Amino acid sequence: MTPTVKVRFAPSPTGYLHVGGARTALFNWLFARASGGKFVLRIEDTDRRRYQPEALDEIFASLKWLGLDWDEGPEVGGPCGPYVQSERNDLYRAKAEELLAGGHAYRCFCTEERLTALREAQEKAKLATFSGYDRHCRSLTDEEVARNLAAGLPYVVRLKVPAGRTVTFRDQIRGEISYQSDLLDDLVLLKSDGFPTYHLANVVDDHEMAITHVMRGDEWIASTPRHIILYEAFGWTPPVFAHMPVILAPGGGKLSKRKGAASVMDYQRGGILPEALFNFLALLGWNPGDDREIMTRDEMAKAFSLERITPKAAVFDEQKLEWMNGQYLARRPVASLLSDVLPLWRQAGLVGGETPDPAWLESVVALFKDRSRRIGEIAENSRYCFVDPAEYDPALVRKHFRPGAESLLASIAEAFAALPAFSLQTLEDTVRELAERQGLSAGKLIHPIRLAVSGVGQGPGLFELLEVLGRETVLRRLAAAVTWVKTHAGDLPATGENHG
């Protein structure tokens, strides 16, 4: 019987969860959901020198924000816990002793000074074939080991990598991969502080937690033959391996903290929606088999397969992410966006302690969400909905606030004041009728009105904007613009001049 698919994401809390790690978690989650399997979260915190409690909190927050719920792991529990490696040390020590007793591992008493000198000598000699630990302690007799232990000398436990082997495994994304065992180091399994290395804890936990598929970054390909040897030493069957394609920075080179690998929560703070980042990351190295780009989680889970992951590197195109985020902003219900935009308005001092009518705030969000690519743009571009213009775009002033514009704006204000209803349709009808009576194109009125009420020349539809601003605000701003044009009449170009 085929075992139930079980995958895991195993981050180390030594820093924030960057987008590369999030993509690995996401692929594991999609594969579990597509296969009717289980997604396990395991915290690999055995590197105690680099452990950061705040990083662990951010990992949890990042996964939850992306909607990557785990079936087993911290905060959830499960039959294979604990799911934090520092709480499993007794198991790793017991497994290391098991390897020692079976002759598959040995104690290494080499000092850090000797290892440093060995590395420096190898670098100086520029060895072309093998460089690494010289297996000095591999040939120690039982008596020598016993004396060293009795003397209290610190030691690590190393794996005995067999000589003359070709270690071959089939990567589900890259095909067959082979390594010569003579080029593999006798890796450390248990450190002198009693904590396991990544390699021992990883293999033991994947077996003990019945992980069927190990899906991880391509940087772990070189470790896989060592892990296979370790599985063999325990007498265990290795899981299926699949190594994700590398993610490249837009300018070339592997995505890194220096080359744009921002944290997941940085994107949240930067106004990216979780569903947009999820969708974008899913398409970095995977495709559904057709030309779909905007997909729901369920659609992605139904379409996901290992066969559709390419080994070819994927480019992290932030402009594409912003475009996709804009698509999701346009689809998002207005009410659900208000809670994201309101704190930004407060931060900018546009909304005080007493919140304006929520229905009016939602109407402001509705005006700008389809024209924005990030949540912050909604808050930034809607500033003039809250504050009267303190100045007008100089380039547009030369085009639309020429001498004579004050009488035009005054007639518009008079028509608006007389309207029985200040609604989109009545506003549009009024402007177009007024333009026709004066023998002008509608644009000759629309542009000065927009400049008067907003101070800028771009934005949402003018009549939608006027309706949201309301009669009182619009009339006040038109009156202010009339006064401004009169005051600056001597500085404005005469009607009929060519101003490009």
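These questions and answers cover a lysine, a helix, salt bridges and cysteines in a predicted model.

User: Is Lys6 buried or exposed?
Analyst: Lys6 is found in strand S1, residues 6–9. The cut-off for buried is under 20% relative accessible area. Lys6 has 9% relative accessibility, so it counts as buried.

User: Which residue has its backbone oxygen 2.9 Å from a polar atom of the Lys6 side chain?
Analyst: Leaving aside neighbours within four places in sequence, Lys6 is in contact with several residues, including Lys38, Glu72, Cys80, Met209 and His213. The backbone oxygen that lies 2.9 Å from a polar atom of the Lys6 side chain belongs to Met209.

User: How many of the 8 residues of helix H19 are buried?
Analyst: Helix H19 spans residues 462–469 and is mostly covered. Its buried residues are Leu462, Phe463, Leu465, Leu466, Val468 and Leu469. The count of buried residues in H19 is 6.

User: Which helices do the buried residues of H19 pack against?
Analyst: Leu462 and Phe463 are among the buried residues of H19. The buried residues of H19 pack against helices H13 (358–369), H16 (405–417), H17 (424–437), H18 (443–454) and H20 (471–487).

User: Which residue just after H19 takes a positive phi?
Analyst: Helix H19 covers residues 462–469. Just after H19 comes a residue with a positive phi of about 90°. That residue is Gly470.

User: Where is Glu75, the salt-bridge partner of Lys64?
Analyst: The closest N and O atoms of Glu75 and Lys64 are 2.8 Å apart. The pair links distant parts of the chain, 11 residues apart, with Lys64 in helix H2. Glu75 is in the loop between helix H2 (53–66) and helix H3 (89–101).

User: How many residues apart are Arg165 and Glu232?
Analyst: Arg165 forms a salt bridge with Glu232, with the closest N and O atoms 3.0 Å apart. Arg165 is in the loop between strands S4 (156–159) and S5 (166–171), and Glu232 is in helix H7 (residues 224–234). This pair links distant parts of the chain, and the separation is 67 residues.

User: Which residues do salt bridges that share partners join into one network?
Analyst: The model has 32 salt bridges in total. Those that share partners join Arg8, Arg42, Glu44, Arg88, Asp205 and Asp206.

User: How many disulfides does the model have?
Analyst: A disulfide is a covalent bond between the sulfur atoms of two cysteines. The cut-off is 2.5 Å between the sulfur atoms. The sulfur of Cys110 is 3.7 Å from the closest cysteine sulfur, in Cys137, so the gap is too far for a bond. The disulfide count is 0.

User: Are Cys80 and Cys110 buried or exposed?
Analyst: Cys80 is at 16% relative accessibility, so it counts as buried. Cys110 has a relative accessible area of 14%. Cys110 is therefore also buried.

Technical notes: Residues are numbered from 1 along each chain as its sequence is written. This is a predicted model: local features need pLDDT of at least 70, side-chain atom pairs count only at pLDDT 80 or more; totals for chains, interfaces and linings use all residues. Side-chain values use heavy atoms; hydrogens and water are left out. Helices (H or I, at least four residues) and strands (E, at least two) are DSSP runs, numbered from the N terminus. Buried means under 20% relative accessible area, exposed over 50%, partly exposed in between (1.4 Å probe, protein chains only). A polar contact is a pair of N or O atoms within 3.5 Å; within protein, one must be able to donate a hydrogen and the other to accept it, and residues adjacent in sequence count only if both atoms are side-chain atoms. Contact means heavy atoms within 4.5 Å. A salt bridge is a side-chain nitrogen of Lys or Arg within 4 Å of a carboxyl oxygen of Asp or Glu.
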